Amino acid sequence: MVYKLKDNRTGESADRLTTVEIKKDGNAVTFLFRAENTQYYCPNDYYNGIHSAGDACEILIGTDPERKVYYEMEISAKGELMLAKMTNGGLDENGDPKLDVGFVDDCFFKGDFKKLEGGYECSFTFDLADINTGEGEVYFNAYRLDTDGGKSPQHLYALNPTVYHWFHMPDKFLWLGDYV
């Protein structure tokens, strides 16, 4: 199925079209993003750079029943990858997530990137067995960030918007089984 991402801060329709198609074939899962209207900004052009500082698509996905431990996968608008195991320690005094970021040296997902006229498509493909952060069902959310060429604030888009300026809100994760 193909789904449209919404504005993450408001939950309303997005001002830039971004879709994600989610497919499952046996134990392999693919997320295919199509993002329109970008300037391909990427300040970190290496593996495990913080690509969310630029234009990128990302997935948060895990199996921890408490939704505290999950993976963050990113593909930048230049095709660079990032994989980190995140531990969410709840919210700080400002209501922002307290995150422990553990970068993963050996990337277990395959990332593809293709530049299109006025946009791009990128895909994440991985084996569900690699998403082992606990004994629960697989949950996720899918996101896009765009910066207008490095300007702030970023445009944030989500399959299930957090209605906040962060993506790391476990109560907004979705069950993968409902989308494949």
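The legends below describe close-up views of a predicted model.

Local features rest on pLDDT of at least 70 and side-chain atom pairs on pLDDT 80 or more, whereas totals for chains, interfaces and linings use all residues. Residues are numbered from 1 along each chain as its sequence is written, and side-chain values use heavy atoms, with hydrogens and water left out.

**View 1. The largest nonpolar core and the surroundings of I22.** The largest nonpolar core has 35 residues, and those with the most contacts inside it are I22, F31, F33, F124, F126 and F140. A nonpolar core is here a set of buried Ala, Val, Leu, Ile, Met, Phe, Trp, Tyr and Cys residues joined through side-chain atoms within 4.5 Å, where buried means under 20% relative accessible area, exposed over 50% and partly exposed in between, for a 1.4 Å probe and protein chains only. At least two residues of this core come from each of β3 (18-25), β4 (28-36), β5 (56-62), β6 (69-76), β7 (81-91), β10 (119-127) and β11 (139-146); strands are DSSP runs of E of at least two residues, numbered from the N terminus. A second, separate core of 13 residues includes A56, Y70, M86 and F173. With contact defined as heavy atoms within 4.5 Å, and not counting residues up to four places away in sequence, I22 touches M1, Y3, V29, T30, F31, F140, L159, L176, Y179 and V180.

**View 2. The largest pocket and its lining.** The volume of the largest pocket is about 310 Å³, and among the 19 residues that line this pocket, S52, E58, E72, W166 and H168 are the closest to its centre. On a 1 Å grid over the protein atoms alone, a pocket is an open set of points where a 1.4 Å probe fits, with protein on both sides within 12 Å along at least five of seven lines, and lining residues have an atom within 4 Å of a point. Grid points are joined across faces, edges and corners, and the volume is the space filled by probe spheres set on the points. β6, β7 and β8 (97-103) each supply at least two lining residues, and β7 gives the most, with three. By class, the lining has 11 nonpolar, four polar and four charged residues.

View 3. A polar atom of the H51 side chain lies 2.9 Å from the backbone oxygen of N44. Leaving aside neighbours within four places in sequence, H51 is in contact with C42, N44, Y46, A56, E74, S76, E80, L81 and M82. N48 also lies in the loop between β4 and β5, and is buried, with a relative accessible area of 13%. Although N48 is not a glycine, it has a positive phi of about 65 degrees.

**View 4. D64 in the loop between β5 and β6.** D64 is placed in this loop and is buried, its relative accessible area being 11%. A polar atom of the D64 side chain lies 2.8 Å from the backbone nitrogen of K68. D64 and G134 are 70 residues apart in sequence but 3.9 Å apart in space, C-alpha to C-alpha.

**View 5. The backbone at V163.** V163 is found in the loop between β12 (155-158) and β13 (174-175), and is partly exposed, with a relative accessible area of 47%. V163 has a positive phi of about 55 degrees although it is not a glycine.

Note on methods
Helix = DSSP H or I, 4+ residues; strand = E, 2+ residues; numbered from the N terminus. Nonpolar A, V, L, I, M, F, W, Y, C, P; charged D, E, K, R; others polar. Polar contact = N/O pair within 3.5 Å; in protein donor to acceptor, adjacent residues only side chain to side chain.
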